[in-house]
Amino acid sequence: MPDPTKKLSFVYFGDAQNDIKSMWSRVIREAYKTVPQVDFMLHAGDLINRHDRDLEWGEWFYAGNYIHSTVPSMMTPGNHEYGTGVVLSPQWRPQFNLPLNGPKGLEETCYVINYTNLKVISLDAEQIDESPHYLEKQKRWLDSALTSDPRKWTAITFHYPVFSTKPNRDNENLRKHFKPIFDQHKVDIILQGHDHAYGRGMVKNVPTGKNVKDASGTVYVVSVSGPKMYDVSADAWMQRRARNTQLFQIITIEDNTLKYQAFTAHGELYDAFDLIKSEKRGNKLVNKVPAVRERL
Ligand SMILES: [Fe+2]
């Protein structure tokens, strides 16, 4: 029987997407240097820019090199892993080896992985956005995946943010259909990409996320690991923000504590908090933001 109190660590990356060999390689190397005993690495979509280009996938594998062959990876597809007509990258399934336990038709893009103390789920955000059929299917599947065989901690990744960092960008559909399921099952943390900036906050039962901070619900994170950058809004859902900064995040789960740290490409700690598990009252968030100026 695996020890349920055993420590588990993973690295979470936002979009790598562009100039992967020259600009993203340093981020994955710095991450591995910081936490070489990591259990897996998680990529929140847009790993590359053009879904079917061998050259770009080649850069992604070059940049990670032996790290990819040493540490297991899980990845969720972004819009750039899809081509015209919502066709998944032809390289995706042959080159990765992801679970087939999601809804039929979304093999290796929507799935669940159960660790002793952590359930990690990938949703296919592009299919939520483009297909009412797969939106419904993923809603039903997610509810059942969270109901059966629960773990102490739950992390969900998908590409489009529930709460955006980019000014005037909003994914209302995602929030309307999926946030109630996250709330109902008290999902601990949501790991997203797409907006090419950094934002981290906790929002509960608020349709817009504006002007409300709540220290008892799900933590939402948007991050970026590659060099393509967008502006970041002043929306109050974010307790820590950054623009124009390549980042990686290390998440460590040990018994009742989820420890979260975000680092810059240079290995400087930029954001941190602990989540303390409380089934009854909701998780307690302890901010550990370092005394580093916000990069805005
Ligand atoms: Fe994207």
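Mentor: Donors are N, O and S atoms within 2.8 Å of the metal (3.2 Å for Na, K and Ca), and sites may look incomplete, since water is not among the atoms. Four donors count as tetrahedral if all angles lie between 85 and 135 degrees; four count as square planar and six as octahedral if opposite donors are over 155 degrees apart and all others between 65 and 115; anything else is irregular. This is a predicted model, in which local features need pLDDT of at least 70 and side-chain atom pairs count only at pLDDT 80 or more, while totals for chains, interfaces and linings use all residues. Residues are numbered from 1 along each chain as its sequence is written, and side-chain values use heavy atoms, with hydrogens and water left out.

Trainee: Which residues are the protein donors of the iron ion?

Mentor: They are Asp46 (OD), Asn79 (OD1), His159 (NE2) and His194 (ND1), at 2.0 to 2.3 Å from the iron ion. Along the chain, these donors follow the spacing D-x32-N-x79-H-x34-H.

Trainee: Why is the arrangement around the iron ion irregular?

Mentor: Ideal angles at a metal are 109.5 degrees for four tetrahedral donors. Here the four donor atoms subtend angles of 86 to 170° around the iron ion, and the arrangement is therefore irregular.

Trainee: Are aspartate 46 and histidine 159 buried or exposed?

Mentor: Buried means under 20% relative accessible area, exposed over 50%, and partly exposed in between (1.4 Å probe, protein chains only). Aspartate 46 is buried, at 1%, and histidine 159 is buried, at 0%.

Trainee: What lines the largest pocket?

Mentor: Rolling a probe the size of a water molecule over the atoms shows where empty space is left. On a 1 Å grid over the protein atoms alone, a pocket is an open set of points where a 1.4 Å probe fits, with protein on both sides within 12 Å along at least five of seven lines; lining residues have an atom within 4 Å of a point. The largest pocket has a volume of about 380 Å³, a volume being the space filled by probe spheres set on the points, which are joined across faces, edges and corners. Of its 24 lining residues, the closest to the centre are His185, Lys186, Val187, Lys277 and Glu279. The lining divides into four nonpolar, nine polar and eleven charged residues; Ala, Val, Leu, Ile, Met, Phe, Trp, Tyr, Cys and Pro count as nonpolar, Asp, Glu, Lys and Arg as charged, and the others, Gly among them, as polar.

Trainee: How many aromatic pairs does the structure hold?

Mentor: Rings of Phe, Tyr and Trp (its six-membered ring) pair if their centres lie within 6.5 Å; planes under 30 degrees apart count as stacked, over 60 as edge-to-face and the rest as tilted. The structure holds 19 such pairs. Phenylalanine 10 and phenylalanine 40 are stacked, because their ring centres are 4.7 Å apart and their planes are at 10°. Both phenylalanine 10 and phenylalanine 40 are buried. Phenylalanine 163 and tryptophan 237 form a tilted pair, 6.0 Å centre to centre with 35° between the planes, and both are buried. Ring pairs also link Phe13, Trp24, Trp57, Trp60, Phe61, Trp92 and Phe96 into a cluster.

Trainee: What is the phi of histidine 196, and what is that of asparagine 244?

Mentor: Most residues other than glycine have a negative phi. Histidine 196 has a positive phi, near 55°, and asparagine 244 also has a positive phi, near 55°. Histidine 196 is buried at 2% relative accessibility, whereas asparagine 244 is exposed at 52%.
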